[in-house]
Amino acid sequence: MATRYACKNYRRTCIYALTGLLFSAASYVVAQQKNIFTPAVYSRVEALFGKNASSDVAKWRQLVTNSQNEDIDEKLYQVNRFFNRFEFVDDLKHWRQPDYWATPIEFIATGAGDCEDYSIAKYFSLIELGIPESQLRLMYVTALELNQPHMVLAYYPSPTSIPLVLDNINRRILPANKRRDLAPVYSFNGEGLWAAKSMGTGRKLRGSGPMKMWDDMIDRLNSVMLGDTQEQ
């Protein structure tokens, strides 16, 4: 039985997880270039989710704008706090699907989501705030006290450093070695997939087979989408 903080579909393959993230990342890159936060976007958000949702999305954009010149610790704090205020709701109840990765706008507009949605929204927000994607990884873990699968966002100050963990269970941003309640399983971002041996370290899995096929597909998708943008 899923708990409040459980990620029910933890045993989905990591290939599935990676493809969902890569597709979102590719789409977001294009969206950034087209300056998605236009009046038309807010109108569509309002039409789909209501006026309050449009206002909440505008607050997210304001947060990103206001935090651009802050130091790294403040950026992490502000983003973590902003998203942790939303309600945890299981995918099956919220989206009527057993597994659904919401975009940040869907998460904000509906005011609810599960652990994957918190982590993905924080991930994209910090990229927008200028933190290199190479320093961020979405990490599947086991929440030991709950005996449940879970996802968190890990920020690496340097490639070999112990990451800081942004989480919706424990809302304090702590080094991973202080989170004895979490056991790492996999971590990944738009640049690759890692098999975690211990918290903060791991072995990168090279793109081959299905992973390479998906990587190639994302490359083609980016080429088509960015090419069309450039031509216009």
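Predicted model: local features only at pLDDT ≥ 70, side-chain atom pairs only at ≥ 80, totals over all residues.
Visitor: Helices, then. How do α3 and α4 cross?
Guide: Helix α3 spans residues 51-66 and helix α4 residues 72-84. Their axes come within 11 Å and cross at roughly 170°. That makes α3 roughly antiparallel to α4 (the term is for angles over 145 degrees). Axes are lines fitted to C-alpha atoms over the stretch in contact, with angles from 0 to 180 degrees between N-to-C directions. Helices are DSSP runs of H or I, at least four residues; strands are runs of E, at least two.

Visitor: Which residues make that contact?
Guide: D56, K59, W60 and L63 of α3 meet Q78, V79, F82 and F83 of α4. Contact means heavy atoms within 4.5 Å.

Visitor: How do they divide by type?
Guide: Five nonpolar, one polar, two charged. Ala, Val, Leu, Ile, Met, Phe, Trp, Tyr, Cys and Pro count as nonpolar, Asp, Glu, Lys and Arg as charged, and the others, Gly among them, as polar.

Visitor: And α4 with α7, at what angle?
Guide: Roughly 145°, with the axes of α4 and helix α7 (residues 115-128) coming within 10 Å. On the α4 side, K75, L76, V79, N80, F83 and N84 take part; on the α7 side, Y118, A121, K122, S125 and L126 do. Six of these contact residues are nonpolar, three polar and two charged.

Visitor: Which strands pair with β3?
Guide: β3 (residues 136-143) pairs antiparallel with β4 over eight bridges. Six bridges join β3 to strand β7 (residues 182-189), also antiparallel. Pairing takes at least two DSSP bridges.

Visitor: What sits opposite A143?
Guide: Q148 in β4 and L182 in β7.

Visitor: What about the turn between β3 and β4?
Guide: The two strands form a hairpin with four residues between them. N147 in that turn has a positive phi of about 55°.

Visitor: Where else does β4 pair?
Guide: With strand β5 (residues 164-166), antiparallel, over three bridges. There, A154 has V165 as its bridge partner.

How values were computed: Residues numbered from 1 in each chain as written. Heavy atoms only, no water. Parallel < 35°, antiparallel > 145°, perpendicular 65-115°, else oblique.
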